[in-house]
Amino acid sequence: MEVQISQCSCGKETEAEKRERIIRIIEDFRGREGSLIQILHLVQGIYGYLPFEIQQLVSERMDIPVSEVYGVSTFYSFFSSQPRGEYTIRVCLGTACYVRGGAEIAKRLTQTLGVEVGGTTPDSKFSLEVMRCIGACGLAPAMMVNDKVMRQVNPDKLKQILAMCD
Amino acid sequence: MVTLTINGKQATAEPGMSVLEAAKQNNILIPHLCYLEDVHQVGACRICVVEIEGARTLQASCVVPVREGMVVRTNTAKVKEARKVLYELMLSDHPRDCLSCLRNQKCEFQKLGELIQISEFRFEGDKSKTSVDSSSPSVVRNSGKCILCRRCITVCNHIQGVGVLNVQKRGFKSVIGPANELPLNNVNCSFCGQCIMVCPVGALQARDDSEKVWQALFDPKKRVIVQTAPAIRVALGEEFGYPPGTIVTGKMASALREMGFNDVFDTNFTADLTIIEEGHEFLNRATAALTGGEAVLPMITSCSPGWIKFVEHEFPRYLKHLSSCKSPHMMLGALAKTYYADKIGIDPKDIFVVSIMPCTAKKYEITRPEMFMNGMPTVDAVLTTRELARMIKDAGIEFREMDEGEFDNPLGFSTGAADIFGATGGVMEAALRTVYEVVTGRDVPFEHLDITPVRGLSQVKEASFTIEGTQPEFAHLEGFTVRVAVTSGLTGARKLMKQIVDGKPPYHFIEVMGCPGGCISGGGQPQPTNRAIRMARMKAIYAEDAGKSKRKSHDNPFVMQLYKEYLGKPLGHKSHELLHTHYVERGRHNQFAIKS
């Protein structure tokens with residue numbers, strides 16, 4: 001398997017630069033209703049997760065209550081308010097993947113990584129999540145490593161996939 | 001008009017009306033739970049489902065608009081079965097501890113059960129985690145009792161524009177609350193309690209302080225003083241079966257005496273006093289503005305502690321616009337422990353002051369450090385109208401059989417100007433009656449002293465008039481056109497504050513009450529409170545005013561006696577010490593308060 005897995009570059013910017021970038025993103029969306037989800041998505045791209053202080057910043061800049069921002073960020077499993085590992089593994093448990101063994105993949109990963117679903121390894125390398133459908137039913141069972149979709153995953157080959165993340 | 005068929009009968013409805021409303025108008029009641037007239041129509045609970053011909057599935061009648069020729073069935077086997085299952089599923093995640101719930105027999109969920117009649121609990125499964133947030137002195141939130149109807153979210157976000165409550169998380173883990181599981185005391189909640197007023201169950205309640213008051217009443221060493229806000233006397237009767245708008249001032253005074261309170265005082269007395277202080281404060285500011293001095297205008301009233309907390313969070317840089325007057329019950333508390341304590345020769349430490357308030361924010365207000373005097377609270381406990389009613393019943397007092405009692409002096413006499421403090425526009429009207437007369441020596445130029453433009457339930461009300469024929473010492477105000485505005489509810493307050501922030505405030509004097517309609521529909525009032533009930537209470541308030549022989553605060557002889565004997569003059573040294581206060585910059589996320 002030859003796959004390029006992209007890594008986040010959140011370590012390379014200073015805190016002030018990150019905040020500036022967030023403010024610019026919000027300005028770009030000004031006047032466009034219903035853009036909170038897109039903004040949070042981009043912000044999570046900057047931080048790797050959505051720290052509460054940053055959600056407060058988004059709330060202030062967008063002039064919407066932080067209870068609403070937090071409500072959205074806790075509704076969608078894609079958003080995380082905890083720091084995530086360098087690689088986020090998302091196992092698809094939508095119907096097609098589930099019947100083709102998605103649950104077994106998730107189980108093996110919890111054993112291999114030694115974390116529960118939603119958790120991050122102590123070395124901050126991997127975060128494990130499950131999703132209810134990533135829209136790749138034809139490739140079932142599928143999972144994602146950061147933004148790459150892994151098709152027809154064989155539970156016995158998980159170690160190989162993890163080894164590529166270096 | 002739209003014509004439709006409901007349960008085989010021809011019915012008519014206004015276009016745009018929901019099926020549920022149309023049915024109600026045609027005398028068919030569709031059971032519902034989360035729907036709340038004028039407030040909340042989102043179809044969250046689905047209890048109001050009906051069959052509509054041509055629709056594949058059952059439809060939530062509170063959100064489906066009527067259509068010409070629509071055929072609706074509200075009482076079929078399919079509808080009844082769905083309703084029952086929905087109810088049972090909700091019940092399966094409810095504590096069912098009704099006997100120990102404050103909403104027992106006043107719970108909308110319980111009432112619905114009476115109608116649906118289930119004979120067993122068929123679904124026993126996991127219960128979502130219960131967390132009780134009793135961090136604030138005003139509002140207690142019990143997520144275990146919450147049925148996720150979202151009415152509180154609508155009120156908090158769309159009616160009050162505060163937005164501390166929202167749905168957090170998802171699915172079975174959903175919980176209504178502030179962001180990041182923060183306790184209410186740590187966020188920008190105004191403690192207005194409007195969420196409590198719409199909660200169908202006991203998930204949101206006012207903190208119960210009745211036990212504290214019983215203990216004081218049972219303590220022979222304590223002199224227990226009670227005072228009642230203007231809005232209590234027109235609402236308390238509802239708790240004893242009187243129709244909304246019944247005035248029960250006399251029975252209330254008798255019941256309080258029977259409960260064991262040593263002095264039954266009236267917050268209306270200090271409402272009159274507030275007008276004298278606040279009126280002079282306004283005149284000083286207006287004078288300064290017109291004579292080239294420094295003056296912060298518009299001046300904004302400060303009687304409503306929910307409004308005060310809101311403005312401290314949202315507009316911390318504009319607190320100078322607030323009148324420095326304490327709210328009337330805080331003034332009475334301060335006077336009870338100084339002026340009155342001196343008069344009767346009792347150590348203020350032995351005095352326990354209880355305020356009966358239509359308000360949940362007042363419970364918080366008495367805990368503000370600025371309200372303490374030599375380390376001692378000036379008001380020791382605040383009870384809501386609902387708590388008082390429970391205590392009267394608990395004491396075995398037959399409220400309806402009470403004689404028409406009276407308040408005690410010297411802190412119990414009031415004019416009609418004080419009565420109207422309970423409704424939106426009342427403080428402004430009372431202030432203008434006094435200010436105009438002080439300046440001109442004549443009555444305010446409105447028929448029968450009724451300043452009708454500032455009355456009623458509109459969100460922002462305005463009035464203006466020109467001062468003519470001034471007394472010599474107010475010659476600089478000759479020809480000055482005073483422009484005032486009145487708003488109730490925090491959304492309206494935000495609008496007026498934004499004008500100030502934008503630098504173009506068109507007014508000189510603004511009255512803000514935190515709850516829509518004013519104190520008559522405060523967070524501590526009897527449930528339910530809806531538009532019709534608000535109107536009835538408001539009418540009663542103005543009737544109380546109209547029936548008084550004295551209707552201007554400066555005509556209150558006991559207030560004048562207080563100045564003569566004790567305070568000296570309005571805004572004098574003693575007044576500043578006892579009757580005025582200052583405010584705290586808090587910041588939107590309460591960040592300033594956390595630091596201090």
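User: Which residue of β5(B) does E51(B) stand opposite?

Analyst: A word on conventions comes before the answer. Residues are numbered from 1 along each chain as its sequence is written, and chains are lettered from A and ligands numbered from 1 in the order in which they are written. This is a predicted model, in which local features need pLDDT of at least 70 and side-chain atom pairs count only at pLDDT 80 or more, while totals for chains, interfaces and linings use all residues. In general, strands of a sheet pair through backbone hydrogen bonds, either parallel or antiparallel. Here E51(B) stands opposite R73(B) in β5(B). β3(B) and β5(B) pair in the antiparallel sense over two bridges. Pairing requires that DSSP find at least two bridges between two strands; strands themselves are DSSP runs (E, at least two residues) and helices likewise (H or I, at least four), numbered from the N terminus.

User: What joins β3(B) to β4(B)?

Analyst: Two bridges join these antiparallel strands, β3(B) covering residues 49–52. V49(B) has A60(B) as its bridge partner, and V50(B) stands opposite Q59(B). The two strands make a hairpin with six residues between them, and in the turn G54(B) has a positive phi of about 95°.

User: In what order do the strands of the open sheet of chain B lie?

Analyst: The order is β2-β1-β5-β3-β4, five strands with mixed pairing. At the edges are β2 (9–13) and β4 (59–60) of chain B, each of which pairs on one side only. Helix α2(B), residues 77–92, lies across β3(B) and β5(B) and runs at about 155° to β3(B). Such angles run from 0 to 180 degrees between N-to-C directions, with axes fitted as lines to C-alpha atoms, for helices over the stretch in contact.

User: At what angle do the axes of α1(A) and α3(A) cross?

Analyst: Two packed helices are described by the angle between their axes and the distance between the axes. The axes of α1(A), residues 15–29, and α3(A) cross at roughly 35° and come within 10 Å. The crossing is right-handed, meaning that the near helix is turned clockwise from the far one, by less than a right angle. R19(A), I22(A), I23(A) and I26(A) of α1(A) meet I54(A), L57(A), V58(A), R61(A) and M62(A) of α3(A). Residues are in contact if their C-beta atoms, placed from the backbone, lie within 7 Å. By class, this contact has seven nonpolar, no polar and two charged residues. Ala, Val, Leu, Ile, Met, Phe, Trp, Tyr, Cys and Pro count as nonpolar, Asp, Glu, Lys and Arg as charged, and the others, Gly among them, as polar.

User: How many residues of chain A are in contact with chain B?

Analyst: There are 11, facing 14 residues of chain B. The elements giving two or more residues to the chain A side are α3 (52–62) and α4 (66–75) of chain A. Of these, α4(A) gives the most, with seven residues. By class, the chain A side has five nonpolar, four polar and two charged residues.

User: Into which domains is chain B divided?

Analyst: Domain bounds come from an automatic or database domain assignment. For chain B, the assignment gives domain 1 (2–92) and domain 2 (128–206). Their centres, taken over C-alpha atoms, are 27 Å apart. Nine residues of domain 1 of chain B are in contact with 10 of domain 2 of chain B. The domain 1 side of that contact has eight nonpolar, one polar and no charged residues.

Note on methods
Contact = placed C-beta atoms within 7 Å.
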